[in-house]
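Biologist: I would like to learn how to read a model of this kind with some care. Could we begin with confidence and then go on to the individual features?

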Amino acid sequence: MKKKPMLSKKVYKVKEEYKRTIISVIGLSSGIGSTHTCIMFSIYLRNLSGKKVAILELNSKDDFEKIYKNFKPSYKENGTTGKRFAIRKVTYIQNVSEDEIINILNEDFSYIILDLGTNYKKYKNHILRSEIRLIVGSFTEWKQEELINFIEQNKKICGFERFIYLIKFANDFELKLFKKEYGIIALSLPFAPDPFVLQDDVEVIFDKVT
């Protein structure tokens, strides 16, 4: 019998009635837009399903605190699983620790998005446990190398074929050649200056993700 991954032991104990979809989002470099993408995808899922969505901050950058101060949402509470607030009916949970993840999984969220920042090595097992695995990268000349390096370093990992690359600044022709060369699933992520306003072209991309 195959052994389950070590880190997943707690997660397999999630209550049956609280089964949900877990999405992990990783950025290949600082400032690439992993939090930006999490926000857009959370709004998309909320609009699409009407169900409860949460984003968990695991990137240690305190971006959620900046978001809270900027938007001043309707409530903020200190729970056993960290400070949380809501914007557009999506719950943001700040500075979540490894131990707190299982508690949140046993809450009644239908979708849980893990904002992992650039901490791929630290949260690798969380990514491999997720139903949807999003890798945010860039096709600018000075960023392509890190994208290629990531693919080469992880192509032998079980589950690698389920990684979905959301690539910025890639035209359709370049992306088609790139996907063929490296055998990956990749989509061109449109420029979206305001993540809280879901653009039609971004929605089209997320339709393909889900």
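Modeller: pLDDT is the predictor's confidence in each residue, on a scale from 0 to 100. The chain in this predicted model averages a pLDDT of 87, and 87% of the residues score at least 70. Over residues 1-17, however, the pLDDT is below 50, and this stretch has 18 contacts (heavy atoms within 4.5 Å) beyond near neighbours in sequence. Because the model is predicted, local features need pLDDT of at least 70 and side-chain atom pairs count only at pLDDT 80 or more, while totals for chains, interfaces and linings use all residues. Residues are numbered from 1 along each chain as its sequence is written, and side-chain values use heavy atoms, with hydrogens and water left out.

Biologist: Which residues of helix α2 are buried?

Modeller: Buried means under 20% relative accessible area, exposed over 50%, and partly exposed in between, with a 1.4 Å probe and protein chains only. Helices (H or I, at least four residues) and strands (E, at least two) are DSSP runs, numbered from the N terminus. An α-helix has 3.6 residues a turn, so residues three or four places apart point the same way. In α2, which spans residues 63-71, Asp63, Phe64 and Ile67 are buried. Seen down the axis of α2, these buried residues fall within an arc of 95° (taken from the directions from the helix axis to the C-beta atoms), so they line one face of the helix. They pack against several elements, including α1 (34-49) and β2 (53-57), whereas the face turned away from the buried side carries the exposed residues Lys66 and Lys69.

Biologist: How many salt bridges does a search of the whole structure find?

Modeller: A salt bridge is a side-chain nitrogen of Lys or Arg within 4 Å of a carboxyl oxygen of Asp or Glu. The search finds four, and one of them joins Asp108 and Lys52 at 2.9 Å, N to O. Asp108 lies in the loop between α3 (98-105) and β6 and Lys52 in the loop between α1 and β2, so the pair ties together parts that are 56 residues apart in sequence. Another is formed by Glu107 with Arg84, their closest N and O atoms being 3.0 Å apart; Glu107 is in the loop between α3 and β6 and Arg84 in strand β4, 23 residues apart. Arg84 is buried, with a relative accessible area of 8%.

Biologist: How many disulfides does the search find?

Modeller: A disulfide is a covalent bond between the sulfur atoms of two cysteines, identified here as a pair of cysteine sulfur atoms within 2.5 Å. The search finds zero. Cys38 is buried at 0% relative accessibility, whereas Cys158, at 69%, is exposed.
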